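Colleague: I have the model open and would like to go through it step by step. Could you help me with the packing?

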Amino acid sequence: MDKESALLTFNTKKKLNKKNYNIKNDNKYIEWRDNMATPHIESKKEEISKIILMPGDPNRAKYIAENYLTNVKVINQVRGMIAYTGEYQKKKITIFPSGMGIPSIGIYSYELFHDYEADCIIRIGTIGAYHPDLKLGDIILATRAYSDSSFALVQSEYPKNYLDANSDLNQLIATTAKEENIKYQEGKIFTSDVFYEKKGMNQERLEQFDVLGVEMETFGLLQTARICQKKATAILTVSNSFCFDQELTSDEREKNLNNMIELALKSSLKL
């Protein structure tokens, strides 16, 4: 078995004591299920849809579930990553937060692809703009993610510093955006492991890779999609810029990203 095939048989299903455990959390008791599939997700397999929208922030996941889905059910609470499954125009959709950074999204996307057999994950998050023409609230559909992370190299000996989003998925999203009259830009982005970076990295990356901006998760998602042979992409909203001193507040990042959210949901109806 080659290394990449071996990745698909990772021992993520650790054997657990068959007893049920009640874990106290915010004065409520959550049952530790006998059929918990992974160390990080407690959902039953049938509770998670084949199509998953993945914001970084658990509060944004809650916002989407409360404002866009019907028949909503909480399907995960492990480590505070509260996830939801419901219906959007009668289509079953799971909203599952990734947390921050490549390691976190790498764990959740791998387990959702590999253990729960999800077909598609669309990241919906924010991005810091490198390009001076981008404004706060602009939507970017990622075509490629560059990174200086060692994540893909260590996980599967993948030697390149970039990964491409699924082209079929991007075409579907582009078609939906046109139908819904939602403006967006397609382009390459950079995924960084470091939030507080040295000055000048934005200009260096803009010149070297011609990327529109920087975020912290997409490269990890595209890597797990690659090894699991699934579909993934990212729709991102500009939350701040390296070209001017204005940015969305934390509350605006949580709640004022509706065009991006609606584009992802309406695209999901076609999957």
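Colleague: What is the handedness of the crossing in which α2 passes α9?
Modeller: The crossing of α2 past α9 is right-handed. A crossing is called right-handed if the near helix is turned clockwise from the far one by less than a right angle, and left-handed if anticlockwise. This is a predicted model, in which local features need pLDDT of at least 70 and side-chain atom pairs count only at pLDDT 80 or more, while totals for chains, interfaces and linings use all residues. Residues are numbered from 1 along each chain as its sequence is written, and side-chain values use heavy atoms, with hydrogens and water left out.

Colleague: Which residues of α2 and α9 make the contact?
Modeller: Tyr63, Ile64 and Tyr68 of α2 meet Asn258, Ile261, Glu262 and Leu265 of α9. Contact means heavy atoms within 4.5 Å. By type, the residues of this contact are 5 nonpolar, 1 polar and 1 charged. Here Ala, Val, Leu, Ile, Met, Phe, Trp, Tyr, Cys and Pro count as nonpolar, Asp, Glu, Lys and Arg as charged, and the others, Gly among them, as polar.

Colleague: At what angle do the axes of α2 and α9 cross?
Modeller: The axes of α2 (residues 58-68) and α9 cross at roughly 70° and come within 12 Å. Axes are lines fitted to C-alpha atoms, for helices over the stretch in contact, and angles run from 0 to 180 degrees between N-to-C directions. That angle makes α2 roughly perpendicular to α9. Angles of 65 to 115 degrees count as roughly perpendicular, under 35 as roughly parallel, over 145 as roughly antiparallel and the rest as oblique.

Colleague: Is α9 mostly covered or mostly open?
Modeller: Helix α9 (residues 258-268) is mostly covered, with 8 of its 11 residues buried. Buried means under 20% relative accessible area, exposed over 50%, and partly exposed in between (1.4 Å probe, protein chains only). Among the buried residues of α9 are Met260, Ile261 and Lys266.

Colleague: And the whole chain: how many helices and strands are there?
Modeller: The chain has 9 helices and 12 strands. Helices (H or I, at least four residues) and strands (E, at least two) are DSSP runs, numbered from the N terminus. Of the 271 residues, 52% count as buried.

Colleague: Let us turn to α3 and α7. How are they arranged?
Modeller: The axes of α3 and α7 come within 8 Å and cross at roughly 30°. The two helices are therefore roughly parallel to each other. Their contact includes Ile102, Tyr110 and Phe113 of α3 and Phe219, Leu221 and Ile227 of α7. The residues of this contact divide into 9 nonpolar, 5 polar and no charged.

Colleague: Is Phe219 buried or exposed?
Modeller: Phe219, in helix α7, counts as buried because its relative accessibility is 1%. Its C-alpha atom is separated by 6.9 Å from that of Tyr146, 73 residues apart along the chain. Leaving aside neighbours within four places in sequence, Phe219 is in contact with residues including Ile102, Tyr146, Lys160 and Leu163.

Colleague: Which residues touch the most other members of the largest nonpolar core?
Modeller: They are Phe96, Leu112 and Phe113, in a core of 41 residues. A nonpolar core is a set of buried Ala, Val, Leu, Ile, Met, Phe, Trp, Tyr and Cys residues joined through side-chain atoms within 4.5 Å. Elements that give two or more residues to this core include α3 (102-114), α7 (218-228) and β12 (231-241). A second, separate core of 29 residues includes Leu53, Tyr88, Ile93 and Ile124.

Colleague: Why would such residues gather?
Modeller: In soluble globular proteins, nonpolar side chains tend to be buried together.

Colleague: One last topic. Where is Asn71, and what is its phi?
Modeller: Asn71 is placed in strand β4 (residues 70-76). Its phi is near 50°, a positive value in a residue other than glycine. At 62% relative accessibility, Asn71 counts as exposed.

Colleague: And where is Asn181?
Modeller: Asn181 is in the loop between α5 (167-179) and β10 (185-191). Phi of Asn181 is near 55°, a positive value in a residue other than glycine. With a relative accessible area of 66%, Asn181 is exposed.
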